[in-house]
Amino acid sequence: MAELRHSSSLGSRAGSSPKKRDDTASPLIHDHRAENDDEGRIRHSFRDRDRPNWFNSPFFSDDPRVSQHSSKISFLLVLIIMIAAVISIFSIINQLNAPYLCKKDGIVLHCPRVKEDPSLWENPYSATTSWRPCAERCDVGVSDIPSENETNGYIFIHAEGGLNQQRIAICNAVAVAKIMNATLILPVLKQDQIWKDQTKFEDIFDVDHFIDYLKDDVRIVRDIPDWFTDKSELFSSIRRTVKNIPKYAPAQFYIDNVLPRIKEKKIMALKPFVDRLGYDNVPPEINRLRCRVNYHALKFLPEIEQMADSLVSRMRNQTGSSNPYMALHLRFEKGMVGLSFCDFVGTREEKAKMAEYRKKEWPRRYKNGSHLWQLALQKRKEGRCPLEPGEVAVILRAMGYPKETQIYVASGQVYGGQNRMAPLRNMFPNLVTKEELASKEELAGFRKHVTSLAALDFLVCLKSDVFVMTHGGNFAKLIIGARRYMGHRYKSIKPDKGLMSKSFGDPYMGWATFVEDVVVTHQTRTGLPEETFPNYDIWENPLTPCMCKA
């Protein structure tokens with residue numbers, strides 16, 4: 001029995017379930033499940049530790065409310081990015097399509113950068129294709145200009161000064177007639193004390209073209225009407241003359257003060273009439289009309305145009321082949337030197353004679369002469385002195401123009417004669433004037449009127465490849481303005497005389513430094529498209545009122 005019980009107990013232990021046996025297996029047997037579970041826990045712990053913080057943010061939450069909120073934020077972010085991208089694209093397109101325009105920052109002019117290499121003879125291509133003239137006449141079919149008898153009356157002016165001052169007065173006269181709806185009597189070119197010329201309007205300008213081109217703008221007649229018998233009364237009688245017009249008067253001044261008198265008297269003379277109409281205080285269409293007169297209606301006589309074209313052709317073929325040429329407006333006549341009250345290099349005898357000349361011509365300004373030296377220094381420092389021929393030569397050479405450059409000189413009798421011109425001729429021997437290009441017989445017909453000779457100089461300078469001015473004045477600013485209106489293609493160089501006076505007066509400045517100063521300073525002083533500013537001069541910069549984006 002004891003044996004039987006022992007065997008039963010052994011049998012019961014041996015008959016235990018396999019699972020139980022596995023659970024009590026020997027430690028020598030490798031347990032794969034336990035290892036897998038441990039590895040899983042370890043990998044899970046590592047994933048939790050290595051996962052970035054933003055992964056646990058609400059954006060990746062399984063909560064449907066959080067997911068809906070995050071999707072809205074995501075949509076807004078995408079929308080903002082798309083709007084910013086569209087704005088950037090439009091900004092880039094606008095920059096690419098923006099016209100070439102230089103802008104002033106104080107006295108500094110900033111111009112757009114261009115990829116093309118700088119040229120001695122032409123402005124950047126983008127500057128020449130950004131703007132076009134738009135002051136020409138518009139064919140309107142039937143004109144709405146009232147007849148001569150239906151206007152408010154007649155106005156009459158004497159255009160005073162030299163040719164270019166007279167030109168500006170004529171343009172202003174047409175504009176004033178338009179403002180007051182008056183009939184303009186063909187202006188008379190008044191004899192000037194300096195020019196002493198008896199030229200008539202019809203001796204210089206094409207009257208038929210002038211009247212016809214402006215027929216849709218202003219009523220213009222050739223002479224004082226027959227019913228007004230005492231023609232001399234116009235400028236001799238106070239009753240027939242308006243004398244209180246201020247300089248650069250606004251359009252409203254004429255409407256309030258001049259028009260009532262014209263309506264009363266029916267015919268009035270405006271005297272004086274030099275610079276008697278402003279620029280930015282008149283309607284844009286009036287400024288556009290002034291450009292129409294200047295650039296389209298005022299044409300020189302055919303014989304003047306033909307002679308000028310012949311001179312231009314000879315300039316281009318000086319060397320036997322078509323070459324560009326430069327026109328230099330050299331303002332260094334005795335009268336200009338004296339009037340400037342600047343000091344120039346010369347002998348004691350020359351300076352003594354100039355002092356006597358100034359004392360005789362301008363006694364009130366001269367006084368006793370003791371203050372003139374300080375005045376001369378101040379004017380030169382401010383760049384208000386005419387450039388001497390030798391100074392012009394050095395500046396042109398620093399700009400890079402070679403010795404072979406063809407130069408046409410528009411000038412009167414240079415003060416100091418050949419000695420004063422020698423430095424310029426030595427550096428640029430191909431220097432000619434109209435008297436050297438044309439024979440005495442060819443010019444004989446133009447010597448009857450001083451303004452005819454001035455008109456030849458005007459046209460040859462206007463059609464040059466490079467125009468260089470040396471001092472201010474109506475001639476230079478009209479040339480620069482016309483070349484801008486023609487498309488800004490050809491350079492019109494306006495030297496910075498203030499900076500040049502400092503450079504010329506620096507004994508320690510080397511040639512390389514001087515060249516760099518000249519080149520950098522004059523990169524933007526070549527007649528480029530330039531924004532207008534308050535009280536700007538429409539004759540030198542016709543951009544805003546008279547030109548449109550191309």
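**Exercise 1.** In this predicted model, determine which residues Thr526 is in contact with, leaving aside its neighbours within four places in sequence.

*Solution.* Begin by locating Thr526, which lies in the loop between helix 24 (511-521) and helix 25 (543-546). Once the neighbours within four places in sequence are set aside, the contacts of Thr526 are Asn123, Tyr490, Lys491, Ser492 and Ile493. Then turn to polar contacts, where the side chain of Thr526 is paired with the side chain of Asn123 at 2.8 Å.

**Exercise 2.** Decide whether Thr526 is buried or exposed, and classify Ser310 by its relative accessibility.

*Solution.* Thr526 has a relative accessible area of 4%, and is therefore buried, because the cut-off for that class is under 20%. Ser310, placed in helix 12 (residues 302-316), has a relative accessibility of 23% and so counts as partly exposed. As a further step, locate Leu437, which is 127 residues from Ser310 along the chain, and find that their C-alpha atoms are separated by 9.4 Å.

**Exercise 3.** Describe the second largest pocket by its volume and by the residues of its lining.

*Solution.* The volume of the second largest pocket is about 1,100 Å³. Its lining consists of 36 residues, and those nearest its centre are Lys104, Ile107, Lys494, Arg525 and Glu530. Two or more lining residues are given by each of strand 2 (108-110), helix 22 (474-485), helix 23 (497-504) and helix 24, with helix 22 providing the largest share, 4 residues. Sorted by class, the lining has 11 nonpolar, 14 polar and 11 charged residues.

Terms used. Residues numbered from 1 in each chain as written. Predicted model: local features only at pLDDT ≥ 70, side-chain atom pairs only at ≥ 80, totals over all residues. Heavy atoms only, no water. Buried < 20%, exposed > 50% of the residue type's maximum accessible area, 1.4 Å probe, protein only. Polar contact = N/O pair within 3.5 Å; in protein donor to acceptor, adjacent residues only side chain to side chain. Contact = heavy atoms within 4.5 Å. 1 Å grid on protein atoms, 1.4 Å probe; cavity = no way out; pocket = protein on both sides within 12 Å on 5 of 7 lines; lining within 4 Å. Points joined across faces, edges and corners; volume = space filled by probe spheres on them. Nonpolar A, V, L, I, M, F, W, Y, C, P; charged D, E, K, R; others polar.
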